[in-house]
Amino acid sequence: MRTLVKVIIGTVAVATVGYGAVRATSNGKDKGSAWTLVKIERGTITDKALATGQIVPEQEIQVKSQISGIVKECLAEVGDRVEVGQPLFVISPDPTPTELNEVQRKVDLADVTYAKIKTDLERSTSLWKEGILSKEQLDATQRSFDEASIQLDLARERLALTKEGKISRLKNSVDSVIRAPASGTLLRRHVNPGDPVVPLTSYQAGTPLATMADMGTLLFRGTVDEIDVGKLKDGMPVRIKIGALPDARVEGRLTRIAPKATEKEGTTLFDVEAAITAAAGTTLRAGYSANADVIIQEKTGTLILPERLVTFEGEKAFVEIPPGKPEGQPEKREIKVGLSDGLSIEVREGLQEGDQVIQRPPKEIM
C-alpha cells in the first residue's frame, strides 16, 4: 500500500513539474511574440491624386483635299517630319462625263454672254461720245461687262480644275498637289494610291487624307475621380508613369481641370490635362498609356511612421510605446500627426527620430 502511495505521489509531482515547464515556456513565447517594434524614421510623404489616361499631341490636324479625284501618289510616309507647304499627296481628277460636259457648257454660255455685253459696251461708249447716251447708262453697261468677265473666268477655272486638277491665279493657286498645312509629324495616312477623294466644301466634310501633329507639344490627358478633384488646381506638379517605359522620368504641370464631370461605368470622373515639361531624354510617342500622380502636397525629411500603428480617438491620435521595465506593460502616448498618404503618416509632436513604437500582431480569425 505504501508503495502504491509513493508511486502516485511521484507521478503527480512529475506531472506538476512538466506542466509548470510547459506553462513557463508558453508564457515566454507569448511575451516575446506579443509585439514587434517599429523605429521612427525620417522620409518623404506625399499626398497625391491619381489620374489615368494617355500621352497625346496638344493638337492634331487632318489633311484634306479641295478637289475630288483619285489619289495618284503619296509623297510622305507615317513618321516622317514634314514642313509647312511640303507636298504630301498628288490627286488626279476623275470627273464623270456628265460633270465634264456640264462645266464645258457653262464656259460656252459665259463666253456667249461676255461677247454680247462686250458688243453692248462698245456701242454704249460710242453713243456716249456722241452725247446721245447718259453717263449713268454707260456705267451700268460697264458693270454688266465686268460681271460677265468675272463669270467667264470662273467658268474657265472650274473647267481647268475639273479636267486638270489645278488653276492658277495672280495671288494664289489651287492644284492637285496637297501640301502640309503646318509643320509636324505624319501620325497616320488614311488613303493609298487609287483611293477616291471627296473634296472639302462648305456642305461636306471631305475625305481625310492624313493626320499630323507637332510631337514637340505632347501632353497627358486623363481622368481623376470626383473624390480627388476638389483638391486640384492649375499649376500643380505632375509625375507621369508610362506603362511601356517603366524607367522613364516624365514630369509636367496641371493645365486644365474640366468644369463638368463625365459618367463612365457608374463612376463620376473629371477630365484633366497636364503639359509635359521634362522627359529626361525619353522619346515619347502619341498613344502611350500612362498614369499621373498629381502632387497635392509633399514633405521631405519629416518624421513618419506607418499609419496602421496610430489609433484615433476623436480628434486625438495615440501610439503604444515599449514599457520602461522588462516586466512592464506598453504605454499609450498621445501624438500630433499631419500629412498622410494612406500608408504612412507624418508625426509632428510626441515622438523623436529613433523612438520605437509597438506593432501588435494581426488578430487571428477563428
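Tutor: With pairing: two strands count as paired if DSSP finds at least two bridges between them. Keep in mind that the model is predicted.

Student: Which strands form an open sheet with β3 in it, and in what order?

Tutor: The order is β3-β12-β10-β5, so this open sheet has 4 strands, and its pairing is antiparallel.

Student: Which strands stand at the edges of that sheet?

Tutor: β3 (60-64) and β5 (81-82) do. Each has a single partner strand, so one side of each lacks a neighbour in the sheet.

Student: How many bridges link β3 and β12?

Tutor: There are 5 bridges between β3 and β12, the latter covering residues 208-213, and the two strands pair in the antiparallel sense. At the level of residues, glutamate 60 has alanine 213 in β12 as its bridge partner.

Student: What is the strand order in the open sheet that contains β9?

Tutor: That sheet reads β9-β6-β4-β11; it is made of 4 strands with antiparallel pairing. Its edges are β9 (177-179) and β11 (196-197). Because each of these has a single partner strand, one side of each is left without a neighbour in the sheet.

Student: How many bridges join β6 to β9?

Tutor: The antiparallel strands β6 (residues 87-92) and β9 are joined by 3 bridges. Proline 87 is opposite arginine 179 of β9.

Student: Now to side chains. Is threonine 268 buried or exposed?

Tutor: The cut-off for buried is under 20% relative accessible area. Threonine 268 has 17% relative accessibility, so it counts as buried. This residue lies in strand β17 (residues 267-278).

Student: What does threonine 268 touch?

Tutor: Leaving out residues up to four places away in sequence, threonine 268 touches Val224, Asp225, Glu226, Ala261, Thr262 and Glu263. With glutamate 263 there is also a polar contact of 3.1 Å between the side chains.

Key: Residues numbered from 1 in each chain as written. Predicted model: local features only at pLDDT ≥ 70, side-chain atom pairs only at ≥ 80, totals over all residues. Heavy atoms only, no water. Buried < 20%, exposed > 50% of the residue type's maximum accessible area, 1.4 Å probe, protein only. Polar contact = N/O pair within 3.5 Å; in protein donor to acceptor, adjacent residues only side chain to side chain. Contact = heavy atoms within 4.5 Å.
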